[in-house]
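Student: Could you show me how to read the packing of helices, chains and domains in a model?

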Amino acid sequence: MSETAVLSVNRLNKHFGGIVAVKDMTFEVQAGEVLGLMGPNGAGKTTLLNLIAGVYPPDSGRVLFQGKDITRRAPHKICHLGIARTYQIPQPFTHLLVRDNLRVAATYGSKEGNMSKLDEILDLVDLSKQKAVPAGDLATVSLKRLELARALATNPTLILLDEVAAGSTDAELPRILDIIRQLRKMGKTIILVEHVMKVMVEAVDRIVVMDKGEKIAEGTPGEVMKDDKVIAAYFG
Amino acid sequence: MVVRDKMKTPRLATLVPVLILVLLALFPLIGIPLNWLNYLFSFFIYLALATMWNLLAGYTGLIMLCPHAFVGLAGYTMAIGTWVGMPFRAGLIAGAAVAALFALIISYPVFRMKGIYFAIGTLVLPEALKAWFSFWRPVGTAYQGGGAGYAVAGVTGFTLGDKYWLALAIAAASIFVVHIILRARLGLGLTAIRDNENTAASAGVNIFRLKLSSFLIAAFIMGIAGAAYYIHNPRIQPTSGFNISWLLLPLMATVIGGEGSEEGPIIGAAIVTFLRFLLADYGAWSLFIQGIILVVVVITMPQGIAGLLRRVGAYRFPLGLLQAAEGRIYKNIK
């Protein structure tokens, strides 16, 4: 593992029954980097995020965060160490107000209890006007933003973004790209799972491509798009 | 489930519960009928149980089906305690502590189950305790005619008024505890767990620790309420202490009154007590009628009576009055 790696995933394996979800995954994310994670549906991207976030333990392999072994730690402990995640299908606290959704994350997820930053975060994701609305009343696009806001409220070092742009219209994409740029400016390290190509190509430094649980390619967006294995995985 | 109401409440509103509490505390002194005191005693006990059940079901998302384990254990602890020379007042606390200890012991296995599995897992526990206490007789000679009942010794000097005040204090404390929790860090975490456990965990909430906190608080207060009941009715048996009605009463009160609202269990406990009074002479029919009421409420008022009251804005008028009164007071001070 190199000196500057924030996250280092080492030969990670996970299967569910007879299905291999993640196979021998190895990759690193450097400090301040935006790493794209792509692959066809069912390639194991979300499983990989779940393994990093501690939702379930891997069958074998290790996850190192800032040099510390975090494999098999509970999700709330991983959050305390500085890894936040969003869910592909938004999972808000439905009956709590938007602001209280963030208060949970700030109160329990961040050491310094960064309550003062909540308004800034709401501004960043354009939810300021809806902060006193129950999260259950938000539309899907706003719920995706809330996912992002909740992750930010824990004041993380590394953010795992699971398809934040999916379901957005073309007109909304520039705003999402802008938000990701802002996060980068804040010094956050990001792993971005995304199907929307425009976001992938414009926002990330490097891409890891998965297929059937395995890493099939890694490199800059330009390199990866020309890779024969990637083309084969997507177009058969 | 009802979201905490964000209605602006005038400061004078905090005086209302205090006034009600004082008024209720005066009842034994002004010579109201003993029968009333008896029913109010039951009301306070049900109220404490329902408020705690609501803390778990309405605010933590735990459908806990073993209040009768806590009531029975606390009652037995106090009763057996009085046989070995422990004053019943100390037994009250000891009983609640044993109930909380039991909750602590079962927490690890039952919290591994979620949703309906947690509910079923907790439901079997009182049955096991009932069987255990049917043959386990640690002190005293075999009870006449078999069985394992115990009388609570040394409560003869404790008047109905005393019992009434004890129950009132327990009910008031239970409401106060939930009120404080909901406005503290703990309440925020509990409601997060209720709404989405996975998200709560990924937002840094220690699910096990928070669930355990509310579980222990509920077990302790349910235990103390149960033990208080057996000071008033000083004979406990496995079939009474671990009776499923200790579950059905708070459950019905909470669901009818409004799960996930602070006033819900109060309204519900009042209704359940009133029904008991109305239907006292009808035996088995009483349960049947209560069941029908429960079904009607669940179908027509999914958020209970409290939810309905909020929807129609029933609190607006009294709160408005208080607001106006407050404004006038401020003016006079100036």
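Tutor: We take a helix pair, then the chain contact, then the domains. This is a predicted model, in which local features need pLDDT of at least 70 and side-chain atom pairs count only at pLDDT 80 or more, while totals for chains, interfaces and linings use all residues. Residues are numbered from 1 along each chain as its sequence is written, and chains are lettered from A, and ligands numbered from 1, in the order in which they are written.

Student: At what angle do helix α11 and helix α14 of chain B pack?

Tutor: Two packed helices are described by the angle between their axes and the distance between the axes. Helix α11 (residues 245-257) and helix α14 (residues 304-311) of chain B pack at about 15°, with axes 3 Å apart; axes are lines fitted to C-alpha atoms over the stretch in contact, and angles run from 0 to 180 degrees between N-to-C directions. Therefore α11(B) is roughly parallel to α14(B), a term for angles under 35 degrees. Val255(B), Ile256(B) and Gly257(B) of α11(B) meet Gly304(B), Ile305(B) and Ala306(B) of α14(B), where contact requires C-beta atoms, placed from the backbone, within 7 Å.

Student: How many residues does each chain give to the contact between chain B and chain A?

Tutor: Chain B gives 18 residues and chain A gives 21. On the side of chain B, α7(B) has the largest share, six residues.

Student: Which domains does chain A have?

Tutor: Chain A is divided into domain 1 (1-30 + 49-73) and domain 2 (82-208), with bounds from an automatic or database domain assignment. Their C-alpha centres lie 23 Å apart, and eight residues of domain 1 are in contact with 10 residues of domain 2.

Methods: Helices (H or I, at least four residues) and strands (E, at least two) are DSSP runs, numbered from the N terminus. Angles under 35 degrees count as roughly parallel, over 145 as roughly antiparallel, 65 to 115 as roughly perpendicular and the rest as oblique. Two residues are in contact if their C-beta atoms, placed from the backbone, lie within 7 Å.
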